[in-house]
Amino acid sequence: MQPMDSDHDPLFRYTFSVYSHDQVYYDDAYAGDDDGVDVDEATDDSNVLINRANSTSEKSYLILKEDDLLRRQEEDITKVFSVLSITRDSACMILLRYNWSVSNVHEAWFEDEAKVRALVGLLEVDPAVKFPKSGDQIVDCGICFESISKRDTATCGCDHIFCKTCWKAYVCTSIDDGPGCLTLRCPEPSCAAAVGPDMVNVLAPDNKKKRYARFLLSSYIESNKKIKWCPGPGCDYAVEFDDDFEAGNYDVSCLCKYTFCWKCMEDAHRPLGCETVAKWVLKNTTEAENTNWILAYTKPCPKCKRSIEKNHGCMHMTCRPPCGYEFCWLCLGPYLGHDGRACNRYTNSQKGGELPEAEQQRELAKKAIQRYTHYYERWAANEKSRKQALSDMNKIENTDLKTLSTNYCQPETQLQFILDAWLQIVECRRVLKWTYAYGYYIPKKEEAKKSFFEYVQGEAESGLERLHLCAEKELQSYITNEESEATEDNFNNFRVKLAGLTSVTRSYFENLVRALENGLSEVDDHGSDPGGSSTKVRGRARGGESSSLGGGDGAKRVRMLMRLGMDDGVGGESSGGDYLDDDDDYED
Amino acid sequence: MVDFSRVQKELQECNRDINVSGISVNPKSDNLTNLIGTIPGPTGTPYEGGTFKIDIDLPDGYPFEPPKMKFATKVWHPNISSQSGAICLDILKDQWSPALTLKTALLSIQALLSAPEPDDPQDAVVAQQYLKDYQTFASTARYWTESFAKTSSLGVEEKVQKLVEMGFPEALVRSTLEVVGGDENMALEKLCSG
Ligand SMILES: [Zn+2]
Ligand SMILES: [Zn+2]
Ligand SMILES: [Zn+2]
Ligand SMILES: [Zn+2]
Ligand SMILES: [Zn+2]
Ligand SMILES: [Zn+2]
Ligand SMILES: [Zn+2]
C-alpha cells in the first residue's frame, strides 16, 4: 500500500477526506467543529489499516528478505574463517555444529582445535586430494563395486574411495531426504569425515545445491531466537522481532499479506492473548468430530429448502429466483428482520424445567454443545469470509481496478479507496473471528460484561456487514457496468459511501478491540490511542452532544458513534445513508 | 532405478561363502527387486537350529536408500513384530549407508537375534516379557523357532505328492524343490509366481 498522498488533485481532496481522516478530514471538513484535541496528532506512517491497528506503537519487527539473511549469515561465516584461518566451507560446518554462535566457535577452537575438528569431522585437506585430477591407477568403488581409474573418484579427505557417479547419488539422496544433509558424513559407516558445502558444490546439480543452501539458511535462522520464518504459504520472508519492545502485541503483518502472532505463530489474534487462542484452538481440535458438519458449506434455504452454497464473503444470502428469500447465513433468520443488527448474541433459549436427572444432564450436555457451536460456527464463518475477502481483494487489485479506471476515467491511484475498504474488511473479519473465541470464554456470571461485549461486538459486526455488502455487490455492478445507474456521477457517490462505511467500520472495530483489551472494563473516554480515528470522531462529537459524554459509559458512547456514522453520512454529503442497498444479492 | 549390476555382484559375492556364513540371498522371481534372504538362528540362543527367511524389497534408490526387510518366518523377539515381522534396526532406517550390503544387513539382523535391545522395542508385549520374565520369553521364542523356523519334517516324496495334488506337474515340482533346497513353502511360492 502507498502512503496516502496529501498533495493530490484538489477535486479529490474533499471526497477523499472521508477516508483520509488523519489530515484532510479535519483540515477541510471539520476544522471548525473540532475541539482541537487531536488535530496535530496525525502520523505520517503509511496509511495502512494494519499499522493503524497498531497505532499505539511503532513497528517492533523487521521483515527480512532472503538476501538480507544471506548477508548476515555470510558476515558470521567471515568472522570465523578470517580469525581461524580455515576455508570458508570449514567455517560454515563448524558454525553449524555450534548453533551459529561465532563466540562459541572462537572459544572452543582456541581451547582445543583437535576436539572441534573431531566433532565436526573436519579434515583440512587440499581440494586436489578430494577430487584427484589425474591418476590411471585402478581402484574399486566401495558402492557400485566397479573398477575405475582414480581420476574418476572422490573422497572427503579420508581413505574411502568412491566413484563420482556414486558420490553424486549419495549427496543428492541425502539432500532430498531433508536437512540431515547438512551433517552428512563419509559413506563408510565407520568413518566420521564430514561431507561439506565444498563437496556439494562440485557434486550436486543446481537445484539440489539450492535446496542445500536453503537448509543451511534455515539452520541459521532457527538458531537465532529473534528471527522466525513467516508461516505464510509459500512465503520466503523472515521476521525479526525486537523482544525488548513492549510486550503484549506480537501481531506481525508480513509483506506477503499474511498476518500472524510472532509469539505463538497462530494467525494474528489481537485483541486476544496467546493463552486464550491456544485454549480455543485445542478446544476446536477436541470438538472436531462433533462439529465437522458445521464446515459443510451448504445449507438449505429456510424457505424453499433448496440447498444454497455460500461462496461470497458476507452473510447476507439471497436465494436463487424464483424464491429470492433473503436470509442470514448464520442464524437462517430473515435478513430484513435483522434490520442492521447482527445475530452475534448467544441466547440460552430453553429454560430447564423439572426434568428427571438423566434428562437434565442430557439437556446440559446439549446446551454445552449448542453454546460452543454458536461461537465456533461464527468463528469459522468469519475465517472463511476473511480468506474469501483476501482473494477477492487480490482479484480487484490485479484486474478490476483497470476496468474501473477505464470505465470511469480515473487513474488507478484514485481508486485506492476500494482497496482500503477491502483491507479493512480483511482485518475486521480477523478481529471479529477472534472475538467469538473471546465471547466463548466470558464467565457465565459476568452478565454485565457479556452484554456489553455483545453490544460492542454486534455494532461492529453489523457495520462490517454493511461495508462488506457494499464492497462486494455494489462494486460489482460498477465493474460489470451493465446497469444504467452505473454512471460516473453514481460512481463518485459510491466512492463517498464506501469510504464512509470504511471509516465508520474502522471506528467500531477500534472500539471493540479497545474494549476487549481493557478486559471489558469501562472504556476510558480519552483512550490511549492518540492516532486512532475514533478519538477524533469522539472529539467532533463533543460539539453536538457534549452533555451526554464524560460519564465514561462505553456502550453509550459507542451507540452515539454509530448514530454519528449513520446519520451524518460521515462525509457530511451522503444523501441519507442508504447502506442496505441489496436488490441484487444472488448467491449461486 | 535400482542398480541391478551391483545387486548381481552382491548375490554372487554372498552366495560364494554361504558355507561359512550360512547366509544366502536369492531372487524371489526373475525380478531382482524382490529377494529372499536366509539366516541361521545363532547358536546359544532360543533361535538356534532355525532357518529364518527375510523378505527383501529393493526401493528404486537402492543402494542409496536402505533395502526394505522383514521376517517372513514368524519369530518371537523384542525388536521384531510377532505379527508383521517388521524389524526395528537402525541400519535399515536412518543409519543405512550405500557402503553397506544386503549381506551386511542380514548379518546385523542375525546379530540382533543374539543381542535383543528391549529398550527400543518393536513388539512391546515381547519386550515386556523379555525384561520381566526371561525364562518364559526364552521358552516361547524356542517354541516359535520349533514351530515356524524348522524345515518341515516331511520327506521329499511327501512334499512332491502334496504339491502335485495342488495341480502342478510332477517334473516341474521336483526341479523347483531342488532349486530351493527342499523348502516346500518356497517351492510353492516359486511355482505360483510362474
Ligand atoms: Zn561407484
Ligand atoms: Zn571415510
Ligand atoms: Zn510472509
Ligand atoms: Zn499468539
Ligand atoms: Zn429459497
Ligand atoms: Zn455475499
Ligand atoms: Zn443472523
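**Figure 1. Lys9 of chain B at the contact with chain A.** In this predicted model, B:Lys9 has a relative accessibility of 27% and therefore counts as partly exposed. The side chain of B:Lys9 forms a salt bridge with that of A:Glu146, with an N to O distance of 2.8 Å. This pair crosses between chains: B:Lys9 belongs to helix α1 (residues 4–16) of chain B, whereas A:Glu146 lies in the loop between β2 (138–140) and β3 (147–149) of chain A. A:Glu146 is likewise classed as partly exposed, because its relative accessibility is 32%.

**Figure 2. The interface between chain B and chain A.** Each side is represented in the contact, with 13 residues from chain B and 13 residues from chain A. Together the two chains bury about 960 Å², and 70% of this area is on carbon and sulfur atoms. Of the area that chain B buries against chain A, 51% is supplied by B:Lys9, B:Phe64 and B:Ala99, more than by any other three residues. Between the two chains, 1 salt bridge is counted. The polar contacts between chain B and chain A amount to 4 residue pairs, both residues of a pair being at pLDDT 80 or more.

Figure 3. The side chains of B:Arg6 and B:Glu10 are joined by a salt bridge with an N to O distance of 2.9 Å. Both residues lie in helix α1 of chain B, and because they are 4 residues apart, about one helical turn separates them. B:Arg6 has 0% relative accessibility and so counts as buried. B:Glu10, at 6% relative accessibility, also falls under the 20% limit and is therefore buried.

**Figure 4. A salt bridge between distant parts of chain A.** A:Arg214 and A:Asp236 meet through their side chains in a salt bridge of 3.3 Å, N to O. The two residues are 22 residues apart in the chain: A:Arg214 is in helix α11 (residues 206–222), and A:Asp236 is in the loop between β6 (227–229) and β7 (238–241). The relative accessibility of A:Arg214 is 25%, so this residue counts as partly exposed. A:Asp236 counts as partly exposed because its relative accessibility is 39%.

**Figure 5. The zinc ion (ligand 2) and its protein donors in chain A****.** Along the chain, the donors follow the spacing C-x1-H-x25-C-x4-C. Distant parts of the chain are linked by A:His160 and A:Cys186, which are 26 residues apart. A:His160 is found in the loop between β4 (153–154) and β5 (162–163), and A:Cys186 in the loop between α9 (164–177) and α10 (197–203). A:His160 is partly exposed because its relative accessibility is 25%, whereas A:Cys186, at 4%, counts as buried.

Figure 6. Side chains of opposite charge can pair when their charged atoms come close. Over all chains, a search of the structure finds 32 salt bridges. One of these is the pair A:Glu146 and B:Lys9, which crosses between chains.

Note on methods
Residues are numbered from 1 along each chain as its sequence is written. Chains are lettered from A and ligands numbered from 1 in the order in which they are written. Side-chain values use heavy atoms; hydrogens and water are left out. A salt bridge is a side-chain nitrogen of Lys or Arg within 4 Å of a carboxyl oxygen of Asp or Glu. Buried means under 20% relative accessible area, exposed over 50%, partly exposed in between (1.4 Å probe, protein chains only). Donors are N, O and S atoms within 2.8 Å of the metal (3.2 Å for Na, K and Ca); water is not among the atoms, so sites may look incomplete. Contact means heavy atoms within 4.5 Å. Buried area is the accessible area (1.4 Å probe) that two parts lose on being put together, summed over both. A polar contact is a pair of N or O atoms within 3.5 Å; within protein, one must be able to donate a hydrogen and the other to accept it, and residues adjacent in sequence count only if both atoms are side-chain atoms.
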